[in-house]
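Take a first walk through this structure. Have the sequence and the 3D view open side by side.

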Amino acid sequence: MSVLRVQNITKRFPGVVALDSVDISFEAGEIHCIIGENGAGKSTLIKCLTGVYIPEEGEVHVGGEDATKVKTLLKKVAYVPQEIDLFNNMSVAENLFIPYEQSGVKGIINQKELEKKAAPLLEKFRIKVKPDELVKDISISAQQLLQVARATVHEDYEILLLDEPTTSLTTNDTKILFNIIADIKKENKSIVFISHKLEEIFALGDFVTVLRNGKKVADAKIKEVDSDWIITKMTGRSVDQEEQFQSNQVSDEVLLKVERLTGGRFKDISFDLKKGEILGFSGLVGAGRSELMQAIFGHLPIYSGRIEYFGSQFKQGDPSYSVSHGLIYLPEERKKQGILPVLSVKHNISIAMLDSLKKGLTIVKKREAEMVKEVIKAYNIRTPDAEKEIRFLSGGNQQKAIIGRAMKSSPKVLIFDEPTKGIDVGTKTEIYRLMRKLAQEEGIGIILISSEMEEIKKCSNRIIVLYEGRKMIEYDEKADKQQILSAIIGAKC
Amino acid sequence: MNRNALMNRLKKSNMTAIGIVLIAMIAIASITSPYFLDIYNLQALIRDLAFVGMIGIGQALLLLIGELDLSVGKIASLCGILAGMMMVYQDVNPFLSMFIALLLGCVFGCVNGLIITKLRLNSMVATIGMQGVYGGVNLVLTKGKAIPGIPDSIQVFGKGSVGIIPTPFIFCLIVLILVLFMIKKTKTGRYIYAIGNSREAAKILGIKVDKIRVVIYSIVGLISSLAGVLYVARLGSSQSAIGESWPMNSIAASVIGGVSLTGGVGNPAGALIGAAIISVIQNMIVLLGVNVYWQSAVSGFVVVIAISFSSISEILRERKVKVS
């Protein structure tokens, strides 16, 4: 009998059916992958499994009993959210055991005791930090592993629900995590694994369920299917996985020349970017790629070095100068640095082009609405209407809105920082095509920061690898995947 | 069709909800006390609310970018004193004195803004400090004494009426119209909402965030000094104690009016309605003859209830979503 079963659940929101009589069984000792595009209903499913939403129709069975009626049953579901939500200023041990009521810590909290209890857990999850360290001082990778560890502290969990647990993990730590998950599977727990990364699903999963537009469209044993099958089911069309996205219009004109730049997290970096080129930056999480780009853009300080832009000295440390000169940064932290969450899609897009929408002092609303409509159409942004608050859009559509907005401030150099983080396969391809088009047709120089090897390989005309803030090596597009991988982890070859 | 669109907009707007609360308050007040609708009472009430109202509108601008200014009251009284000293002691032309005082208020606000942006201070802590400075300078100048003998030409601005509408309220409406124009129609207005939504994102968009913050502090300083000078005109003498309750009441008025404390959400017009609600509450308490010693406690409690209206409606809405 299934440990967890959703039985024909339906969940509606005003204007959309988020889940349409979905029926899935999760078995003990099995890793069950859920995959679907943004907006397919994965998040709603998670929220139904964790008790945030109650489905209007259907039942959620835990061990044969209906959890929509007996809510405490959902405590058997240990949930690891996609975003890291640890307490930064508390110790690793405290983070592991909060909330205390659920982890069996009673009475007065004794720090030493907690730390002693934490040690074996940290060892089990191969997290190499001390129990008394503050969470904000440990690496992002360690934080993500800690988050998984925390979910399993609750003793009588039966189901482990992992929502994209590898987005901030290095390749090495992903391996560690997969070993841990395999161990947990041996304890006869049921594991629900949600990911956009097909290679992970094939490396780890036993069973896969594909969601599309709120419906379950297919399920199968992983062994019996291949990635084309999944993509076809997921998108409802076949996507050419071999498609390449390098620009074929690279000119000799250098747009951006960076010389011996040193800042907080990077040292002595030099490179140049040519017109119509896509230049990939690869490296581990924390290698200093984002910091380097944000410093060039003017958001972070530069200690020494020189930036030349279109052959002349570039003013440092002033983002509004950069933007007005066509150097635009599209941040990785979309939610924090990209979108203006409670403003409408319209205002989010028009904010970058207000000067062209003004007549005297005032903004011409009609012209604004037309311009925004154009952008929504041109960049295929799926939204009920332009007045919708942007936070309600899926990640992919937020990203497209941000790109559309950047395009309206006549960019000459675009820095894409992890542009497809948390974005599904179909939309990813859309974004790659867009980048290629911008480079080829508009002659824009593009810098692409990405931790995904496939993405870097498929899109870049040249690839630069950073390791611990230093430039390791530079490759052309024919570079070998193994070579790049070893440079990423700091091995010279 | 057009009418439907208007109805929809009204239904959606937060403003409608607090408007209804205000009307309900007025209805209760006029039922419980026969004196409430008396024209003299209403005029006094409106004259009173003009001051907290206009400062509330300024405070709302700051709340929109996620900041606040606790020195508004002290800027108001210092500017009132400076205007009074120029007019009465130095024989400067009264109108020129008033103009200089307004300018100085703008400078004080600008100083607040520069300190907060350049030294990267928290606005609340910084303005607690600055209100001490402005209040202290005030005491040094006056030794706590009032400056009587404000010329009649100036007193008209505080005591007079245009038709039946008290002059200070006219000024308040002018402030509102100018601020609404800025916030709804101009680029700066859009940038203010953007900054309130996410200061990081606004910076990365190339918006000159700090410049706009300083401008808003300056505007708030200007509005504060306007309120201070008008109050002096109303009293006929400059006094150090003017505006003691304005910082807190202006924040409460904004929050009642639906302006979020975390920034990015709300409309400065709500602050004026919020101020009106506070004034009606205080007026009602006096009219009902509540014991003098109890007045402050009662009005404080009712203000807390008024503030919670917006969050209560939020809670109810969430519950509705969950159930359906």
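Predicted model: local features only at pLDDT ≥ 70, side-chain atom pairs only at ≥ 80, totals over all residues.

Residues are numbered from 1 along each chain as its sequence is written, while chains are lettered from A and ligands numbered from 1 in the order in which they are written.

Start with chain B. It has 14 helices and 4 strands. Helices (H or I, at least four residues) and strands (E, at least two) are DSSP runs, numbered from the N terminus. The radius of gyration of chain B is 20 Å, close to the 20 Å that the globule rule gives for 324 residues, so chain B is as compact as a globular protein of that length. That radius is taken over C-alpha atoms, and the rule is 2.2 Å times the number of residues to the power 0.38. Along the principal axes, the C-alpha atoms of chain B fill a box of roughly 70 × 55 × 40 Å.

How much of chain B is buried? Of its 324 residues, 48% count as buried. A residue is buried if 20 or more other C-beta atoms lie within 10 Å of its own, exposed if 12 or fewer, and partly exposed in between, with C-beta atoms placed from the backbone. Now look at contacts, where two residues have C-beta atoms, placed from the backbone, within 7 Å. Among contacts in chain B between residues at least 6 apart in sequence, 79% join residues at least 24 apart.

Helix H4 of chain B covers residues 72-89. Its 18 residues reach 25 Å from the first C-alpha to the last, close to the 26 Å expected at 1.5 Å a residue. The expected span is 1.5 Å times one less than the number of residues. H4(B) is mostly covered, with 14 of its 18 residues buried. Just after H4(B), Asp91(B) takes a positive phi of about 55 degrees.

Next comes the place where the chains touch. Chain B gives 18 residues to the contact, and chain A gives 24 residues. On the side of chain B, helix H9 (187-197) and helix H10 (199-204) are the elements that give two or more residues. H9(B) has the largest share, 5 residues. The side of chain B divides into 7 nonpolar, 5 polar and 6 charged residues. Here Ala, Val, Leu, Ile, Met, Phe, Trp, Tyr, Cys and Pro count as nonpolar, Asp, Glu, Lys and Arg as charged, and the others, Gly among them, as polar.

Move on to chain A and its sheets. Two strands pair if DSSP finds at least two bridges between them. One open sheet has 4 strands in the order S2-S1-S4-S5, with antiparallel pairing. Its edge strands are S2 (16-26) and S5 (65-66), and each pairs on one side only. Inside this sheet, S1 (residues 4-13) and S4 (residues 57-62) of chain A pair over 5 bridges. Leu4(A) has Val62(A) as its bridge partner in S4(A).

Strand S8 (residues 190-194) of chain A holds Val192(A). All around, S8(A) is covered: 5 of its 5 residues are buried. Ser190(A), Val192(A) and Ile194(A) lie on one side, and Ile191(A) and Phe193(A) on the other. S3 (residues 31-36) of chain A runs parallel to S8(A), joined by 4 bridges. Cys33(A) stands opposite Phe193(A). S7 (residues 159-163) of chain A also pairs with S8(A) in the parallel sense, over 5 bridges. There, Ile159(A) is partnered with Ser190(A).

Why does Val192(A) count as buried? Because it has 24 C-beta neighbours inside 10 Å. Beyond four places in sequence, its contacts include Phe26(A), His32(A) and Leu161(A).

A second open sheet of chain A has 4 strands in the order S12-S11-S14-S15, again antiparallel. S12 (269-274) and S15 (312-313) are its edges. S11(A) (residues 254-263) and S12(A) are joined by 5 bridges, and Leu261(A) is partnered with Ile269(A).

Finish at a hairpin. S21(A) and S22(A) form it with 2 residues between them, and 6 bridges join these antiparallel strands. Glu468(A), in the turn, has a positive phi of about 45 degrees.
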